[in-house]
Amino acid sequence: MLQPRTICATVVLLGATLVTAAAPAVAVPATATAATTACSTGWGSGGKSATAATTASVKDVRTGRHDCYDRMVVDVPGAARADLGYAVRYVDRLYQDGSGRHIPVAGGAVLEVRVTAPAYDPESGAATYPARAGAALPGVDLTGYRTFRDARFAGSFEGETQLGLGVRGRLPFRVLQLDGRLVIDVAHTWAAAR
């Protein structure tokens, strides 16, 4: 036999269930339920530089795609982070150091990348990076990239290597100095993803 308290508790629970079932559904914003990638765009598009130099040589230039940016990596094995000097800035046209020759670079904007490391052996003068002035960077395929459009070798002159990076437009970028490599990231957009 049921006790009066058990009957009363059952009625209260049944009433609460009916009220909950009758309440209108409330939509939960998608941002609360799904994780999204927030992309930082606080990098800016102004020129960036660091004063330093190394005698370690450029051995390779490679690129990669990420959720928020496209990346270029200049490999300089043996160079310490503090010894990797650079100057990266948007230019109207890319001109080769020494000769002043115009190097055409495709894209809506051109980033000039200067690394204070030679692309040759300082003692013998032998090339350490197999690129030709004015030509596309060897082994770099930019098919499917959201931001990068073209990557050209301008040359290596007086211990400094010069590259041209064609991008979709004047987008924010950052430069990271790491042991043995210099990293240039160019954002896909100015606005953060939501």
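Tutor: We shall take several terms in turn and set each value against its definition. This is a predicted model, in which local features need pLDDT of at least 70 and side-chain atom pairs count only at pLDDT 80 or more, while totals for chains, interfaces and linings use all residues. Residues are numbered from 1 along each chain as its sequence is written, and side-chain values use heavy atoms, with hydrogens and water left out.

Student: What makes up the secondary structure of the chain?

Tutor: The chain has two helices and eleven strands, in the order α-α-β-β-β-β-β-β-β-β-β-β-β from the N terminus. Helices (H or I, at least four residues) and strands (E, at least two) are DSSP runs, numbered from the N terminus.

Student: Why is D185 called buried?

Tutor: Buried means under 20% relative accessible area, exposed over 50%, and partly exposed in between, with a 1.4 Å probe and protein chains only. D185 has a relative accessible area of 0%, and therefore it is buried. This residue lies in strand β11, residues 181-187. Of the 194 residues in the chain, 39% are buried.

Student: Which side chains form polar contacts with D185?

Tutor: A polar contact is a pair of N or O atoms within 3.5 Å; within protein, one must be able to donate a hydrogen and the other to accept it, and residues adjacent in sequence count only if both atoms are side-chain atoms. The side chain of D185 has such a contact with that of R71 at 2.6 Å, and another with that of R174 at 2.8 Å.

Student: Why is Y86 called buried, and what is it in contact with?

Tutor: Y86, in strand β4, has a relative accessible area of 10%, so it counts as buried. Contact means heavy atoms within 4.5 Å. Leaving aside neighbours within four places in sequence, Y86 is in contact with residues including K48, R114 and Q177. The C-alpha atoms of Y86 and Q177 are separated by 9.0 Å, although the two residues are 91 residues apart along the chain.

Student: What makes Y90 and F173 an edge-to-face pair?

Tutor: Rings of Phe, Tyr and Trp (its six-membered ring) pair if their centres lie within 6.5 Å; planes under 30 degrees apart count as stacked, over 60 as edge-to-face and the rest as tilted. The structure holds four aromatic pairs. In the pair of Y90 and F173, the centres are 5.6 Å apart and the planes form an angle of 80°, which is edge-to-face. Y90 lies in strand β4 (residues 86-91) and F173 in strand β10 (residues 173-178), so the pair ties together parts that are 83 residues apart in sequence. Both Y90 and F173 are buried.

Student: How do you know that a charge sits over the ring of F173?

Tutor: The rule requires NZ of Lys or CZ of Arg within 6 Å of the ring centre and within 35 degrees of the ring normal. The charged end of K48 sits over the ring of F173, 4.0 Å from its centre. R65 likewise lies over the face of Y145, at 5.5 Å from the ring centre.

Student: Is E158 buried or exposed?

Tutor: E158 has 70% relative accessibility, and therefore it counts as exposed. E158 lies in the loop between β8 and β9, and its phi is positive, about 50°, although it is not a glycine.
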